[in-house]
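Subject: Structure handover

Hello,

Here is the structure we talked about. Please open it alongside the notes that follow.

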Amino acid sequence: MSDLVQRVREVLPSVRADLEELVRIESVWADPARRPEVQRSAELTARLLGQAGFPDVQIVAEGGAPAVIARYPAPEGAPTVLLYAHHDVQPEGDANQWASPPFEPTERDGRLYGRGSADDKAGIATHLAAFRAHGGHPPVGVTVFVEGEEESGSPSLGALLSAHSEALRADVIVIADSDNCSTEIPSLTVSLRGLADCVVEVATLDHGLHSGLWGGVVPDALSVLVRLLATLHDDNGNVAVAGLHESVAAPVDYPPGRVRADTGLLEGVAEIGSGSVPQRLWAKPAITIIGIDTTSVAASSNTLIPRARAKVSLRVAPGGDAAAHLTALKSHLEQHVSWGAQVTVTPGDVGEPYAIDATGPVYDAARAAFRQAWGVEPVDMGMGGSIPFIAEFAAAYPQATILVTGVEDPGSQAHSINESLHLGVLERAAAAEALLLAKLVEQPAG
């Protein structure tokens with residue numbers, strides 16, 4: 001096993017070079033103009049997996065983004081492990097806010113900066129490193145599945161799982177798209193919040209009016225919208241929508257002051273909500289306003305705005321029903337609009353939360369692998385974010401054991417500017433995965 005850890009270290013330089021090549025591709029599926037880049041990213045991923053020694057590599061699509069499936073058959077009697085990652089990335093936002101170009105991988109202070117360096121092209125790098133460390137001949141079957149539209153909600157994943165059911169069938173599924181407690185403490189994610197969103201539009205006038213002539217008599221739509229959005233939280237920042245579910249968080253210690261250090265919370269700005277940080281982050285609902293359409297400041301005039309709209313994102317605690325939560329949110333918005341304004345709520349996407357039973361021999365093997373690779377005990381933790389497709393994997397392969405791991409840490413700033421990967425975490429995560437493949441040979445095939 002110690003030799004395996006050393007082999008991971010030996011292959012890391014080539015793996016990092018491959019990761020940097022992947023980061024340079026602007027694989028933003030949400031941007032139609034860059035969808036050819038997503039195809040190029042899939043082609044590079046397929047080529048890298050083929051070069052690593054997978055005998056069967058194909059690019060597939062079922063009405064959506066291109067995905068890659070690479071298969072190494074299991075030796076007689078050995079289980080098959082499915083290793084998941086995704087090669088699409090979030091839009092970079094304002095490139096001027098990045099300390100270095102978002103699609104030019106740049107190392108600073110032991111971190112590799114670039115969009116997708118952590119989420120989730122680092123997952124691809126981890127799988128490559130683990131497979132190469134075994135010399136391309138692991139003792140178990142390995143299938144690598146790299147999706148191309150996770151950042152857009154995985155709309156065609158169900159079709160992929162159905163069309164390629166046998167190719168993706170596995171005894172153990174490793175989802176390498178989550179977080180670690182810190183750069184020094186590895187984590188197994190055992191719960192994830194679900195997601196529901198909607199667009200709410202309010203209207204007060206059939207056309208704009210001079211604010212001096214009519215202000216104070218008739219309401220403008222933006223003032224109505226601001227008042228309506230303010231009803232979504234109480235004065236302490238707790239979600240104020242009735243009927244939402246709350247669960248219990250994993251018992252993880254979260255030291256005082258860490259929120260401010262991990263998030264960049266400005267001086268004087270207080271945390272919101274009640275309860276411990278893990279409880280608020282992993283086990284309670286959360287509502288965020290993620291976009292508003294109205295007149296910009298630059299284009300503003302002394303006019304009462306007739307219509308305004310916002311996109312509302314709701315995180316659903318494990319054990320809750322995402323569709324029912326969206327219905328509750330819609331009802332709240334319709335019932336709390338001021339001054340009789342017209343309100344229209346357009347439901348958006350839903351993704352179910354997930355809670356994992358993290359017991360049994362596969363989890364025992366995973367914890368042993370993490371302990372050896374990191375030198376400390378792993379912790380079970382929740383995830384405030386959502387990976388709705390885990391429920392789809394669980395439904396498609398109910399007999400498989402699902403592990404949710406990752407190469408990120410609180411400093412990775414996934415989805416934000418200056419996203420980065422801690423290179424030490426990459427090494428330890430790759431070593432843990434390589435060790436896990438070796439330890440799983442003792443598990444029976446399904």
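First, a convention: a crossing is left-handed if the near helix is turned anticlockwise from the far one by less than a right angle, and right-handed if clockwise. This is a predicted model, where local features need pLDDT of at least 70, side-chain atom pairs count only at pLDDT 80 or more, and totals for chains, interfaces and linings use all residues. Residues are numbered from 1 along each chain as its sequence is written, and side-chain values use heavy atoms, with hydrogens and water left out.

Helix pair. Helix α1 covers residues 2-23. Helices here are DSSP runs (H or I, at least four residues), strands likewise (E, at least two), numbered from the N terminus. The crossing of α1 and α13 is right-handed. Their axes lie 9 Å apart, at an angle of about 130°. Axes are lines fitted to C-alpha atoms over the stretch in contact, and angles run from 0 to 180 degrees between N-to-C directions. Contact means heavy atoms within 4.5 Å.

Cores. A nonpolar core is a set of buried Ala, Val, Leu, Ile, Met, Phe, Trp, Tyr and Cys residues joined through side-chain atoms within 4.5 Å. Buried is under 20% relative accessible area, with a 1.4 Å probe and protein chains only. The largest core has 91 residues; Val142, Phe145, Ile173, Ile175 and Phe393 touch the most other members. Helix α13 (residues 423-439) gives the largest share of this core, 12 residues. Another core, of 26 residues, lies apart and includes Val202 and Leu314.

Ser191. This residue sits in strand β8 (residues 187-192). Ser191 counts as buried because its relative accessibility is 13%. Beyond four places in sequence, the residues Ser191 touches include Pro318, Tyr354 and Met381. Its C-alpha is 6.0 Å from that of Ile356, 165 residues apart along the chain.

Best wishes

Methods
Buried means under 20% relative accessible area, exposed over 50%, partly exposed in between (1.4 Å probe, protein chains only).
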